[in-house]
Amino acid sequence: MSCQAPDKNIIKHKTILEKNIEIKYAKRFTIIYSHNITKVCLFGNKNNNDTTAVFYIYKTANKLRANSKNTFFIKSPCNKIAALSSIYSAMLCELNCINSIAAIDNIDYINNNQIIEKQKSNKIIELSKGPQIDLEKTITLSPDIIISFGIGQGEKDKNKKPDQTGIPIAIILDHLESSPLARAEWIKFFAAFVNKKELADSLFNKIEKNYLELKKIAKNSSYKPSVFTEIKYSDAWYVPGGNSYVAELIKDANANYIWANDINTGSFPLSFEQVFSKANKAEFWINLSNIKTKKELLGFEDRYREFNAFKVGNLYNNNKNTNALGYSKYWETGMIYPNKILNDLILIFHPELINSISNKLTFYKKIN
């Protein structure tokens, strides 16, 4: 990991970046700040902690200039942000900065009604329906920053055409964080660009407090059910790794995740037979894509009926609340509020604890 303070040839005024904002869980960014400048470092390689981009966010300063192609200077607060994921736009909404969202990637994935209405009236621009963003629209919009996601391949993650425009691009790996609280802590990253540090800290502290309280409550149950997730797509069944935030959620809900001993942070592919051999006796099956009924599930693969969780009726999906196209709110706000996801899982796995937690499911529903 390398993220040094700027030298006098880069910043033409005297400032000291002296204090790290406390990042307790997230591993893929850091923040350092002073009274008038904030430094954000991204670690965008999957297999190491090398710095892949640095952002100096300044409030008042003389003219600043970058000394490398991966260093950017941005005036605070950002008023035109291209947030190319529903999670990113949701983060900005939670920071009361919906008016800072100038663009999104694909409106189909959005649940937030305010964003939907703003997109309809062209107050928010849709930049893509597929893997490539509309370069002409992007150049015309000229956002202060583009925030996008990568798969952890550093330079290979960059879309070359937008990169050549000179528009600052932050390619982030929040989805590869290994814990739910680490993902939620990314709200501090977004706050740095819109000058909302205090609000982000306050929101996260409340989320963390509730999450840890729920984790402690879950341990009061002596029952520890076995759990598996997902369904097969084409020839592959992608399951979350044992070091993923999904595995951590199941563990914190006091349940046994079937692949808990795996070392991956992301998902990895298995065959139907590999999953069945290990999960056929599991007691619970969760996160089944967009499936709404058992009949619909068997329409994709009749062999699903052979799983014990199917037979006993312990199928729960995270699509209780979806938009008109079936995209779940879980993927939009659940990543910000993992405490609510954890509450759901405890209620599903340990209904005997209902008097100690919220008694209503937020993101999950039973599949019948």
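The crossing of helices H6 and H7 is right-handed in this predicted model, where a crossing counts as right-handed if the near helix is turned clockwise from the far one by less than a right angle, and as left-handed if anticlockwise. Helices here are DSSP runs of H or I with at least four residues, strands are runs of E with at least two, and both are numbered from the N terminus. Two packed helices are described by the angle between their axes and the distance between the axes. For H6 and H7 (residues 197-218), the angle is about 165° and the axes are 8 Å apart; axes are lines fitted to C-alpha atoms over the stretch in contact, with angles running from 0 to 180 degrees between N-to-C directions. H6 is therefore roughly antiparallel to H7, a label for angles over 145 degrees.

The model is predicted, so local features need pLDDT of at least 70 and side-chain atom pairs count only at pLDDT 80 or more, while totals for chains, interfaces and linings use all residues. Residues are numbered from 1 along each chain as its sequence is written, and side-chain values use heavy atoms, with hydrogens and water left out.

Turning to the aromatic rings, a search of the whole structure finds 30 aromatic pairs. Rings of Phe, Tyr and Trp (its six-membered ring) pair if their centres lie within 6.5 Å, with planes under 30 degrees apart counting as stacked, over 60 as edge-to-face and the rest as tilted. Phe55 and Phe193 are edge-to-face, because their planes stand at 80°, with ring centres 5.7 Å apart. This pair links distant parts of the chain, 138 residues apart: Phe55 belongs to strand S4 (residues 53-58) and Phe193 to H6 (residues 187-194). Phe55 is buried at 0% relative accessibility, and Phe193 is buried at 1%; buried means under 20% relative accessible area with a 1.4 Å probe, protein chains only. Trp186 and Phe189 form a tilted pair, 5.1 Å centre to centre with 55° between the planes, and both are buried.

Note on methods:
Buried < 20%, exposed > 50% of the residue type's maximum accessible area, 1.4 Å probe, protein only. Parallel < 35°, antiparallel > 145°, perpendicular 65-115°, else oblique.
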